[in-house]
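I opened this model to look up a few side chains and the two chains around them. My notes follow in the order I made them.

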Amino acid sequence: MDDDAPVIYGLEFQARALTAQTAETDAIRFLVGTQSLKFDNQIHIIDFDDENNMINKSVLLHDAGEIWHISGSPADKAVLTTCYSKTSENRVLTCAAVWRMPPEWESGSHESPDDSSNNPQTLELLCHLDNTAHGSVACVLWEPLGDGKRVISLAENHVLLWDLQESSTKATISSTATLEGKGQLKFTAGKWSPHHNSTQLVTANDTAIRGWDLRSMSQIYCIENAHGQLVRDLDFNPNKQYYLASCGDDCKVKFWDVRHINEPVKCLEEHSHWVWSVRYNHSHDQLLLTGSSDSRVILSNMVSISSEPFGHLVDDDDLSDNEENQQEDKYTSLSLMYLRLVQYNSIHFHHFSSAQFS
Amino acid sequence: AHLISKAGSVITTTPPDSDPTGRRRVHSMLKLYYGLNEEGTAAEQAESLDPCDINGPHFDPEVYLNKLRKDCSLCELMDHESCMVKQIRSLDSDMQTLVYENYNKFISATDTIRKMKNDFKKMEDEMDCLSANMAAITEFSARISGTLQDQHAQITKLSGVHTLLRKLQFLFELPARLNKCLELQAYAQAVSAHRRARCVLQQYSHMPSFRGIQDDCHVIMEQLAQQLRQKFRDGGSSAKDLSECVELLLQLDEPAEELCDKFLSHAQSRLEADLQGLEAELKDSAFTDTGGGSVQKTSELASKNIPEMANGKLHVFVDTLAARYFSLVERRIQEEKGVGDNSLLVRALDRFHRRLQAITKLLPGSAVPSHGTEIVVRAARERIKQYLSALQTFYHDSLTDVRQALAAPRLAVGGAKLLTSLSNFILNQLKSVLASVHLFTAKDITFSNKPYFKGEFCSQGVREGLVVSFIKFICQSSRQYCESAGDRGGSTPPALLLLLSRLCLDYETSTISYILTLTDEQFLVQHHTPVTPVTALCAEAREAAQKLLNHYVKVQGLIISQMLRKSVETRDWVNTIEPRNVRAVMKRVVEDTTSIDVQVGLLYEEGVRKAHSSDSSKRTFSVYSSSRQQIRYAPSYTPSAPMDTNLLSNIHKLFSERIDIFSPVEFNKVSVLTGIIKISLKTFLECVRIRTFGRYGLQQIQVDCHYLQMYLWRFVSDENLVHFLLDEIVGSAAHRCLDPSPMEQSVIEVICERG
């Protein structure tokens, strides 16, 4: 790494939604969705140039509402989904939609950034994931490593599997599953497993973590009381198919082997407030990034439970620096690849870039 | 000189005049004359310098006269002269009396001496007469003894013959006597009689009559030996009979080795039976006595009887038997599980050990006693372990009791009382256990002076194995409460956590050092091996206390947070009505906080807080703290535009005023409550940030926050913290509001004061 200086990018609105663009393998690219009740919301496309330690940004207009969740298609780098809240007749409902970026955004922003800021281009709506029957959508998940034809949305206590047809302009529900139980059950987070031919889904509701088989749309395991409080986020180990990380309001990050769900494999208690998100690095699964509302992002090096348990040392040169990185993590010796969002005093989301380190 | 002094005494007893001073003066003058100046020397020396002192030794008549002449008038001189004459006259008469009396005494002394001379002459004559008489008496006595000499010799000879005759008679009667003994089975008598006669018979066997007797005896003894052997073989008789039998046979010159083997085999079969009996009645607690006894007795008898050559055999014999015996004893000891009465076990072990010590005396080289000691040591170790586990179960039981006591009444009555009773229970139990264990080292117990019991037992066993382990156990189990409860639905009541935390803290400050000092004193522990220092234990206890308290804060904070979170998440903030009241959940939060305050106040001290400003409860919120600026700025979509102040202020906050939410707390009430309130308000804040509010929703939050403001500031160490967090909540709500038009401060106050 050449220099330690963090690259800072400021948004004028608060933001809670961030994703790495998985289909983009050449550049290190992140998508950020903003939240504003009063003004038109935007999607910022942020490219990080690790050679010059610089960022290039573009802004697209997202006028449907404030964005709570965003994710990019794994197949087409111009396609993305957002979950946005829509206020109508004194009612706030979170909807989901599939969008396509206008083809010109890239060239426009490069030539004259000032112009593009004045005339932001608007996202092109491909289709709505109509959820009026099922309630607010918590998140939309693309089929990992898929062809960009299948998505899952988690709405209240329903799991909805959608097929996107006619180049994503039409969405139909192919199957559903509903979580039954006492009280008002509501999914808070979910993750589509990249293993097992993408037939497994894991969801979180309250303090429980559940695994689902998408072929039968039935529950395959359930970790009750996985966390003492609400479970906020989940992520799969990209290399070890049974390993799962979770985080929650009890300030803990836990690692699970879903074959032995009675006890977590490991438990970290580094944060001093709710842990909002957890992400594995895509190629080095010993690196784990957690963000918390104690205003800290912690990068943990979990060699003992990684796929390379015998300390294959990560060469610093393999890792490039990142954008919007306010460097206050503990592991300063490792430069890392993540983007994080600072909202209010809290850090809500961050992502490892999906681009390959070269 | 004697007489003169006597005369002096006479003079003193006859006073010249009644005036005591005059008498003393005369006396002293006489003394002076005779050089007896034992008294009044000082006075004399004082006087002696004056030449005018008529009674002084340095008296100078000339000087005196001159002085008189110079000083006195004629009349005075006349008087002085007459006085002097009178004195001279009286002195003269005194002197005359003295001379006369002394003379008289001298004469009477001469008379006495003369009379004594006469008496001595008479006595000399009488002495001569006495010596003559004594010479005559001596002569007579010599003559008498000469006449009696012959008769005495004859008498001596006669008595010698008599004894001889008696012996002969014994010999002649011997066969008959032996026969009779044989009939009566008085073998011991018979053997001793025969032994007495044997040598004589041997000596005189050339004489036919004696020979006959000897033959007779021989036959009889042969018969007797036969009988004895028979009896020995039968083996039905008691150990004592058997050993007697062996003894007699030995005296009859039986081959010792053969006897030894036979004896041992008999003894073995007998002991075998004993051991089997023991095995059968393994339940009987008093067995150590009987078993030990039988082994000891056997070996005692054996060693008495068997000469050195059989020593090896005996060792083997004893060892094998003892091994079996020990295994039985050990099994028995292992069954001794109940911890009720330790004294019984100690006594039994003591008796056991004592018996084995006796064996040491009989068989100096045997390994049996050391094995026995090992058993005792093992038993003691086992005992300590049992006590430890008993203490642990006791601790658990008392915690269960406390838990029930906490659960039973709704109010947390007497947290302090429960704490003292709990710690007293534990301490008493520990003391009684120490007392029980102390029995092992009592002075009257034989094994208490073994090096193990003096050193290792006290330091490693009791101190480390029992006391230190127990304290560690308390800390550890306390820590477990923290770990298990958090994940699995908080099964531990928070009050218990608080109580345990205080208990651990008390242990850290005083109890641990007290217990260890007590142990060291009772057991006179000498630390040969390194032991856990008090400080390490204290640190552990403190750590446990801290952890418990942190956990308490976390649990209580989460309970309140949960309430707040549910209340924010379940409400439709967009379509709410204009606030008329403080929401019930806020009242509940304040109530709960107050009850926590009471609960903590019972166990922990107040702690320090920053000075309050005078209007702590009346403070207006800057509703627009973060949202106002945003309105002023025209929306611009320039990503590279200068960052708006809102973000700047946020970044500023990020670095300057970060509040550690789940941070460790101090051991006082204020710090505990600050921690709880921090957690609760932070949760409130986070929940507000992910909701969308309508106009009245914001106003409701304003009312709620003002209400919390009114009541919560008093609990925390720094009220600014509460202000800051509440400001943030209202600010965030305003930011998340579709129609941010805040309520009038005065209206808010009215609503809050109404209740």
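I started at Glu728(B), which sits in helix 23 (residues 719-735) of chain B. Helices here are DSSP runs of H or I with at least four residues, strands are runs of E with at least two, and both are numbered from the N terminus. This is a predicted model, in which local features need pLDDT of at least 70, side-chain atom pairs count only at pLDDT 80 or more, and totals for chains, interfaces and linings use all residues, with side-chain values taken on heavy atoms, hydrogens and water left out. Residues are numbered from 1 along each chain as its sequence is written, and chains are lettered from A and ligands numbered from 1 in the order in which they are written.

Is Glu728(B) buried or exposed? I found 11% relative accessibility, so Glu728(B) counts as buried. The cut-offs are under 20% relative accessible area for buried, over 50% for exposed, and partly exposed in between (1.4 Å probe, protein chains only).

Which side chain does Glu728(B) touch through a polar contact? I found Arg689(B), at 3.1 Å. A polar contact is a pair of N or O atoms within 3.5 Å; within protein, one must be able to donate a hydrogen and the other to accept it, and residues adjacent in sequence count only if both atoms are side-chain atoms.

The Arg689(B) and Glu728(B) side chains also form a salt bridge, 3.1 Å from N to O. The pair links distant parts of the chain: Arg689(B) is in helix 21 (residues 669-689) of chain B, Glu728(B) is in helix 23, and they are 39 residues apart. A salt bridge needs a side-chain nitrogen of Lys or Arg within 4 Å of a carboxyl oxygen of Asp or Glu. Arg689(B) has a relative accessible area of 0%, so I logged Arg689(B) as buried. Salt bridges with shared partners join Lys682(B), Glu686(B), Arg689(B) and Glu728(B) into one network.

I then checked the total: 19 salt bridges over all chains. Side chains of opposite charge can pair when their charged atoms come close.

One of the bridges joins Asp249(A) and Arg232(A), at 2.7 Å from N to O. Asp249(A) is in the loop between strand 19 (243-248) and strand 20 (253-257) of chain A, and Arg232(A) is in strand 18 (residues 231-236), so the pair ties together parts that are 17 residues apart in sequence. Both Asp249(A) and Arg232(A) are buried.

I also looked up Asp233(A), which forms a salt bridge with Arg279(A); the closest N and O atoms are 2.8 Å apart. This pair links distant parts of the chain, with Asp233(A) in strand 18 and Arg279(A) in strand 22 (residues 275-280), 46 residues apart. Asp233(A) and Arg279(A) are both buried.

I checked the record for this stretch. Over residues 224-259 I read 0% helix and 47% strand, with the end C-alpha atoms 14 Å apart.

**Ala171(A)**

Ala171(A) is in strand 13 (residues 170-178) of chain A. Its relative accessibility is 19%, so Ala171(A) counts as buried. Ala171(A) and Cys127(A) are 44 residues apart in sequence but 6.7 Å apart in space, C-alpha to C-alpha. Leaving aside neighbours within four places in sequence, the contacts of Ala171(A) (heavy atoms within 4.5 Å) include Cys127(A), His128(A) and Trp162(A).

**Surface patch on chain B**

I found a nonpolar surface patch of about 420 Å², made by Met127(B), Leu130(B), Met134(B) and Ile137(B). Patch residues have over 30% relative accessible area and no salt bridge; like charges are joined within 9 Å, and nonpolar side chains (Val, Leu, Ile, Met, Phe, Trp, Tyr) within 5 Å. Leu130(B) lies in helix 5 (residues 74-184) of chain B. Leu130(B) is partly exposed, because its relative accessibility is 48%.

**Chain totals**

Chain A has 2 helices and 26 strands. Of its 358 residues, 62% are buried. Chain B has 24 helices and 0 strands. Of its 755 residues, 41% are buried.

Conventions
Areas by Shrake-Rupley, 256 points an atom, 1.4 Å probe, with all protein chains shown as cover.
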